[in-house]
Amino acid sequence: MINYGLDGKVALVTGAGGGIGRAAAQVFARSGASVLVSDINAEGGHETVALIEAAGGRAAFFRCDVSKADEVKAMVAAAVDTFGRLDCAFNNAGINRLGDDE
């Protein structure tokens with residue numbers, strides 16, 4: 001496993017409740033970063049935090065709908081409030097404006 005040398009850094013990962021976002025959050029944590037895990041799916045987000053912590057990493061969850069600017073601002077503030085800074089973001093969450101059936 002590659003370690004990207006992120007000791008002491010703070011990463012924010014959106015869409016981290018599963019899939020690519022979860023995998024990215026875990027890579028950030030294994031590389032030494034503290035991770036703010038964010039997703040609209042709270043259950044999945046908490047599962048990602050538990051996986052990171054079980055592996056010895058540091059993480060916290062913040063529920064955020066990235067289609068809402070006020071929630072995004074609060075998410076960034078939560079990263080800084082929780083970990084003291086924000087160094088990088090993996091913007092993985094997507095917005096489907098076409099509707100659920102498209």
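Visitor: What is the order of the strands in the open sheet?
Guide: The order is 3-2-1-4, an open sheet of four strands with parallel pairing. Keep in mind that this is a predicted model.

Visitor: And which strands sit at the edges?
Guide: Strand 3 (58-63) and strand 4 (88-90), each of which pairs on one side only. On average, neighbouring strands of this sheet are turned by 20° against each other, ignoring direction.

Visitor: How many bridges join strand 1 to strand 4?
Guide: Three, and the two strands run parallel, with strand 1 covering residues 10-14.

Visitor: Let me zoom in on Ser34. Buried or exposed?
Guide: Ser34 is buried, because its relative accessible area is 10%, and buried means under 20%. This residue is found in strand 2.

Visitor: Which residues is Ser34 in contact with, leaving aside neighbours within four places in sequence?
Guide: Those are Lys9, Val10, Ala11, Arg58 and Phe83.

Visitor: New topic: how many salt bridges does a search of the whole structure find?
Guide: Four. One of them pairs Glu47 with Arg22, with the closest N and O atoms 3.3 Å apart. Glu47 lies in helix 2 and Arg22 in helix 1, so this pair ties together parts that are 25 residues apart in sequence.

Visitor: Are those two side chains buried or partly exposed?
Guide: Glu47 is partly exposed at 37% relative accessibility, whereas Arg22 is buried at 17%.

Visitor: What is the salt-bridge partner of Arg85?
Guide: Asp87, with the closest N and O atoms 2.6 Å apart. Arg85 is partly exposed, with a relative accessible area of 36%, and Asp87 is partly exposed too, at 33%.

Visitor: Last one: which residues form the nonpolar patch on the surface?
Guide: Val76, Val80 and Leu86, with about 180 Å² of accessible area together. Leu86 sits in the loop between helix 3 (69-83) and strand 4.

Technical notes: Residues are numbered from 1 along each chain as its sequence is written. This is a predicted model: local features need pLDDT of at least 70, side-chain atom pairs count only at pLDDT 80 or more; totals for chains, interfaces and linings use all residues. Side-chain values use heavy atoms; hydrogens and water are left out. Two strands pair if DSSP finds at least two bridges between them. Axes are lines fitted to C-alpha atoms, for helices over the stretch in contact, and angles run from 0 to 180 degrees between N-to-C directions. Buried means under 20% relative accessible area, exposed over 50%, partly exposed in between (1.4 Å probe, protein chains only). Contact means heavy atoms within 4.5 Å. Patches are made of residues with over 30% relative accessible area and no salt bridge: like charges are joined within 9 Å, nonpolar side chains (Val, Leu, Ile, Met, Phe, Trp, Tyr) within 5 Å. Accessible areas come from the Shrake-Rupley method with a 1.4 Å probe; for residues, only the protein chains shown count as cover. A salt bridge is a side-chain nitrogen of Lys or Arg within 4 Å of a carboxyl oxygen of Asp or Glu.
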